Amino acid sequence: MSGTAPAVDYQAILDQIWLEVAPRLGEGKVASYIPQLATVPVAQFGMAVYRLDGQMFSIGAAQTRFSAQSVTKLFALALAYTRVGDSIWQRLGKEPSGTAFNSLVQLELERGIPRNPFINAGALVITDILASCFVGSEIALLQFIRQLCGSTAPDFDLKVAESELKTAHRNFAIAHLIKDFGNLHNTVSAVVRSYCRQCSITLSCEELARAAAFLANHGSMPACVPGGTQILDASSAKRISAVMLTCGTYDAAGEFAYRVGLPAKSGVGGGIVAVIPGEAAVAVWSPGLDASHNSALGTYALARLTDLTRHSIF
Ligand code: DON
């Protein structure tokens, strides 16, 4: 992509976005169904672009750690892919759900096969796959994320994990339904506990952008990273990015693709990570969510980034 588009001054464009976003800080509503997330001050914003040549550009609170929540579903899928490859699709689909991320409705009709890995039902199946591959699967996932971002700073927030576990009635219901259809191999309690820990991982925009760079780089960590390795083959990386585009931003994936035009994965902590193939990975965080549970200012900022840089996949 960089070969066809003009060179971009990312820092100048991020500075412009920061000017536009600063007066709007506080827009949206923090997720309150996980009690600990309800305590996060809404008027915060950070954004980082990690270019594949190793340059980092950032604005605002790009080094502040936040609750990754469903953004971790991206790394859980990638880690599962490294272990079992395309066979994961025997246990879940890759179509947009068109329903809320925590809905049970399709699961009953579709006999315990979740529509995709980025809704809660699909992520619980991925957690189950990881639990069958690793002893302490959430620790394996944390280590994977740490390896990708080259830092040991990302960690579990056990307060958030416990807070979610206490109120995880829907996720327990989803897991029980999947178990009833025979699509969960470990116990419901082990899978939901591991899933809540996974969701509680905290990291910053700069760390998140680094962690996703392999997806922009055909499955390999950027060459500038010492010891940077191939995480997935290029075809698998392409496939994960495709599922991000169609399913990564809940039932608003169509609207998001229309506005932003990049594969992305969001979380109810207000983080969004996006991939500019062949060019960069981008992370944005602002805890105020819009009606579709995507970060309101985060979505705005990504739309401005792709408009101002002309780097989208369209
Ligand atoms: O399971 C939940 O509801 C949260 N831990 C994560 C939800 C989220 O970020 C959006 N899910 N796709």
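Histidine 218 is partly exposed because 16 other C-beta atoms lie within 10 Å. By this count a residue is buried if 20 or more other C-beta atoms lie within 10 Å of its own, exposed if 12 or fewer, and partly exposed in between, with C-beta atoms placed from the backbone. The model is predicted: local features need pLDDT of at least 70 and side-chain atom pairs count only at pLDDT 80 or more, while totals for chains, interfaces and linings use all residues. Residues are numbered from 1 along each chain as its sequence is written.

Histidine 218 sits in the loop between H9 and H10. Its phi is positive, about 55°, although it is not a glycine. Arginine 310 is another non-glycine residue with a positive phi, here of about 60°. Arginine 310 belongs to the segment after helix H12 (296-309), and it counts as exposed because it has 11 C-beta neighbours inside 10 Å.

Now take the whole chain. The protein chain has 12 helices and seven strands; helices (H or I, at least four residues) and strands (E, at least two) are DSSP runs, numbered from the N terminus. Along the principal axes, its C-alpha atoms fill a box of roughly 55 × 40 × 35 Å. Of the 314 residues, 53% are buried.

The chain is divided into domain 1 (10-67 + 202-309) and domain 2 (70-199), with bounds that come from an automatic or database domain assignment. Their C-alpha centres lie 20 Å apart. The contact between them takes 33 residues from domain 1 and 33 residues from domain 2, where two residues are in contact if their C-beta atoms, placed from the backbone, lie within 7 Å. On the domain 1 side, the elements giving two or more residues include helix H9 (205-216) and helix H10 (234-247). H10 gives the most, with six residues. The residues on this side are 19 nonpolar, 10 polar and four charged. Here Ala, Val, Leu, Ile, Met, Phe, Trp, Tyr, Cys and Pro count as nonpolar, Asp, Glu, Lys and Arg as charged, and the others, Gly among them, as polar.

Threonine 249 lies in the loop between H10 and helix H11 (253-259). It is buried because 30 other C-beta atoms are within 10 Å. Not counting residues up to four places away in sequence, threonine 249 touches Phe256, Ala264, Ser266 and Asn294. Threonine 249 and serine 70 are 179 residues apart in sequence, yet 9.6 Å apart in space, C-alpha to C-alpha.

Among the 13 residues around the ligand, Gln69, Ser70, Phe101, Cys199 and Val268 come nearest; a residue is near a molecule if its C-beta atom, placed from the backbone, lies within 6 Å of it.

Strand E1 (residues 46-51) and E2 pair in the antiparallel sense over five bridges; strands pair if DSSP finds at least two bridges between them. Glycine 46 stands opposite glycine 60 in E2. Four residues lie between the strands, and glycine 54 in this hairpin takes a positive phi near 95°. Strand E2 (residues 56-60) is mostly covered, with four of its five residues buried.
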